[in-house]
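Please look through the sequence and the structure shown here before reading on. The briefing that follows takes up its topics one at a time.

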Amino acid sequence: MIELLTHLPQNMNTKNIKGLFEFFVLTTIPTEPMFAKEILERLNFAGIVTNQGTIYPLLNRLKQAKFIESAIGETQSGGIRKYYYLCPKGRKRLEELNTEWKNLNSMVHKLRRPPYKDR
């Protein structure tokens, strides 16, 4: 499972965050290919702390689902790395997850409003 969340508020339910991890990773790589270390750095910057032992199985699952693909590329220092990028199916999945997130956010905002009373 995901070893996360040393930087999130103590009262935040980690089970809720784990369910969003696919969304977080797909959100991280929508416009440019990235290697796993970059993905980890962006997640950590956002307060979602995880490690390579967690990210690689998720990347493999996303790849098997045809949401992402990988390619071998060379770094600026001459090393070889595997880059990940979104496939068309992954872009569609990210759109679906964005819609779900907006709907959830809208529901929470509605719940925070005072109840409707007929005058």
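This is a predicted model: local features need pLDDT of at least 70, side-chain atom pairs count only at pLDDT 80 or more; totals for chains, interfaces and linings use all residues.

On the α2 side the contact is made by Glu22, Phe23, Leu26 and Thr27, and on the α5 side by Gly90, Arg93, Leu94, Leu97, Asn98 and Trp101.

- Two packed helices are described by the angle between their axes and the distance between the axes.
- For α2 and α5, the axes come within 10 Å and cross at roughly 120°, and the two helices are therefore oblique to each other, since an angle has to lie between 65 and 115 degrees to count as roughly perpendicular.
- The axes of α2 and α4 come within 11 Å and cross at roughly 80°, which makes α2 roughly perpendicular to α4.
- In this second pairing, Phe21, Glu22, Val25 and Leu26 of α2 are in contact with Ile55, Leu58, Leu59 and Leu62 of α4.

**The chain as a whole**

- The chain contains five helices and three strands, and when they are read from the N terminus on, their order is α-α-β-α-α-β-β-α.
- Of the 119 residues in the chain, 33% are buried.
- The chain exposes about 8700 Å², and carbon and sulfur atoms supply 53% of that area.

**The nonpolar core**

- In soluble globular proteins, nonpolar side chains tend to be buried together.
- The largest nonpolar core of this chain has 22 residues, and the ones with the most contacts inside it are Val25, Ile39 and Ile55.
- At least two residues of this core come from each of α2 (21-28), α3 (36-45), α4 (52-64), β3 (80-86) and α5 (88-112), and the largest share, five residues, comes from α2.
- Which residues does Ile55 touch, not counting residues up to four places away in sequence? With those left out, Ile55 touches Phe21, Val25, Ala36, Ile39, Leu40 and Leu43.

- The buried residues of α2 are Phe21, Phe23, Phe24, Val25, Leu26 and Thr28.
- Ile48, which lies in the loop between α3 and α4, is buried, with a relative accessible area of 8%.
- Although Ile48 and Phe24 are 24 residues apart along the chain, their C-alpha atoms are separated by 8.8 Å.

**Leu94 in helix α5**

- Leu94 is found in helix α5, and at 8% relative accessibility it counts as buried, because the cut-off for a buried residue is under 20% relative accessible area.
- Not counting residues up to four places away in sequence, Leu94 touches Phe23, Leu26, Thr27, Pro30 and Leu86.
- The C-alpha atoms of Leu94 and Phe67 are separated by 8.8 Å, while the two residues are 27 residues apart along the chain.

**How α3 meets α4**

- The axes of α3 and α4 come within 10 Å and cross at roughly 115°, and these helices are therefore roughly perpendicular to each other.
- Helix α3 passes α4 in a right-handed crossing.
- Where the two helices meet, Ala36, Ile39, Leu40 and Leu43 are the residues of α3, and Gln52, Ile55, Tyr56 and Leu59 are those of α4.

**A positive phi at Lys66**

- Most residues other than glycine have a negative phi.
- Lys66 has a positive phi of about 65° although it is not a glycine.
- Where is Lys66 found? Lys66 is in the loop between α4 and β2 (68-74).
- Is Lys66 buried or exposed? Lys66 counts as exposed, because its relative accessibility is 53% and the cut-off for an exposed residue is over 50%.

Notes. Residues are numbered from 1 along each chain as its sequence is written. Side-chain values use heavy atoms; hydrogens and water are left out. Helices (H or I, at least four residues) and strands (E, at least two) are DSSP runs, numbered from the N terminus. Buried means under 20% relative accessible area, exposed over 50%, partly exposed in between (1.4 Å probe, protein chains only). Accessible areas come from the Shrake-Rupley method with a 1.4 Å probe; for residues, only the protein chains shown count as cover. A nonpolar core is a set of buried Ala, Val, Leu, Ile, Met, Phe, Trp, Tyr and Cys residues joined through side-chain atoms within 4.5 Å. Contact means heavy atoms within 4.5 Å. Axes are lines fitted to C-alpha atoms, for helices over the stretch in contact, and angles run from 0 to 180 degrees between N-to-C directions. Angles under 35 degrees count as roughly parallel, over 145 as roughly antiparallel, 65 to 115 as roughly perpendicular and the rest as oblique. A crossing is left-handed if the near helix is turned anticlockwise from the far one by less than a right angle, and right-handed if clockwise.
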